[in-house]
Amino acid sequence: METQYQSPFVRHNVGAALGWSTDWLLVATLLLPTMACTIGPDFTAPVAPLAEKFRGADNRSVKSGPREYEHWWTTFRDPTLNRLIQIAYNQNLTLESAGTRVLQARAVLGIAIGTSYPQVQQGVGSVIYNRTSAATPLAGPNATPQYFWTDALAAQAAWELDFWGKFRRGVESADGAYLASIANYDGVLVSLLADVTATYIGIRTTEQLIGIARANIRRQEQALSIAKAKFTGGGTSELDVFQATNVLEQTRAAIPQLTIQLQQGQNALCVLLGVPPQSLGMLLSRSVGRVPSPPASVVVGIPADLLRRRPDVRAAELAALAQSAQIGIATTQLYPAISITGTFGGSASTANGHNLGQVVSWKGVAYAAGPSFQWNLLNYGQITNNIRLQDAKLQQLLIDYQNTVLSAQQEVDNGLATYLQSRNQAAYLRRSVEAANGALKIALEQYEQGATSFTTVLTAEQNLLQAQNSLAGASANVPLGLTAVFRALGGGWQMREGGNFVSPATVDQMRARTDWGNLLPPPNGPQPPTPGLPGPGDIGPTIRPPEW
């Protein structure tokens, strides 16, 4: 089996990492005695409940071929939407926050790696001027001088040997948590892309509804003029004028409410773009009221594809893997912790001032070394119950993983149902609008000729407005349903490949405060490629060189 190592931003084949050969030889030599065994269960991928195919897969508009959906939003053929997606990816603060959590998890992994090495290191040095009590003088040639200097310089270290795999399990757990943070970042990105698209569709739909209301206001104003003319000429009562005015003003009143809805949608889009609420006239001025047009068919593959494509499914599996290693860590507490401790240094005393030369000379050298162990024998069930606690947490995460897979299939099927059935609904409503238009035209002509009452005109006006609004809603549900399908399929996270988890501005701020080494992309240098959607197969070796 080929061994893989997960670097901060890219997987490296260990066999090809020739620059690490010396480091790995040193590490293997130092840690060979500690590789006796690894306590605790080894993680196995949980079984997920999967259907053979999605419920909508039998529809002629649904295909089951392979596809990755890297840039699914481009299928709507809307340049404005493409631009909004790019801005949101570059500026969204929720996504930026998720990127910082990746860096946090990466630093935690570095801490876990460091625990495999001598954990306690102290450098001790002192220069002390002493005066003994004159009230109790000591006689003889070996008597201590009343005034003298004491110089000391020493180093202490303790190294707990990893006989039971406690530290190796710790690295495994931290590695799983780190990879899960990447999958969670990808999940945030998938949701962001779908949220931007859905919000944009909502804005365009609201613009369309405002246009429908204005067009109907013009028709109703015409009807009111006819009613006024007939009333003035004595051909009808003022009742028709009042009824026409009532319907007209109700339609006019819909525009302020729709404008509120439009502004709220624009404000929500601003937040997704990472900017304060403001007018988006320059961005949205093109294609006002035109709802993005969805493709005639969609490729969804099979439910099993969700296991490799959906970031939240991968994150749930990696979270379970990280927790599985915690069981091993807890179990090692049942066994003795064996350490090698040592002290090396020098000391000297003189009544004639400092003499640091003797401290660092062989004459002044003092050292001590030897093994020690600690065994928590009287723990009164604390360790055993902690193991049970960790196991119960693992079982919860395994169940959560299965539930995530079930929910993923539900979301795909729900999106497909919305996409397919809304298309049928829109087709019916399109014919309804055509009929309502014809009915209103005839009703107005007959009313002018005195062949029918104004009630017929009012009914025709209301029917037309309702049919047009319903058609706009159903037409919007088609791309919204397709957006839900793409979200549920886990499409779009590939957008971040070749980029970084945090923006250049964030990198500059963090580097200005802290030495991040190679965990952040180098300034003014080539940016390292980022890993793909991670999985359990990307867990690196549990013994690695320290990351300074």
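These are my notes from a first look through this structure, which is a predicted model.

**Cysteines.** I checked for disulfides and the count came to zero. Cys-37 has 29% relative accessibility, so I put it down as partly exposed. Cys-270 is at 0%, so that one goes down as buried.

**Helix H5.** Just after H5 comes Gly-274, where I noted a positive phi of about 80°.

**The largest nonpolar core.** I looked up which residues touch the most other members here, and got Val-196, Leu-269, Val-298, Val-300 and Leu-416, out of 73 residues in the core. Several elements supply at least two residues each, among them H5, helix H8 (311-331), helix H10 (382-448) and strand S6 (298-299). Helix H4 gives the most, with 16 residues. My background note: in soluble globular proteins, nonpolar side chains tend to be buried together.

**Val-298.** What does Val-298 contact, leaving aside its neighbours within four places in sequence? My list has Ser-61, Val-62 and Lys-63, then Leu-416 and Tyr-419, and finally Leu-482, Val-485 and Phe-486.

**A second core.** I also found a separate core of 27 residues. Its members include Val-247, Leu-429, Ala-436 and Leu-458.

Note on methods. Residues are numbered from 1 along each chain as its sequence is written. This is a predicted model: local features need pLDDT of at least 70, side-chain atom pairs count only at pLDDT 80 or more; totals for chains, interfaces and linings use all residues. Side-chain values use heavy atoms; hydrogens and water are left out. A disulfide is a pair of cysteine sulfur atoms within 2.5 Å. Buried means under 20% relative accessible area, exposed over 50%, partly exposed in between (1.4 Å probe, protein chains only). Helices (H or I, at least four residues) and strands (E, at least two) are DSSP runs, numbered from the N terminus. A nonpolar core is a set of buried Ala, Val, Leu, Ile, Met, Phe, Trp, Tyr and Cys residues joined through side-chain atoms within 4.5 Å. Contact means heavy atoms within 4.5 Å.
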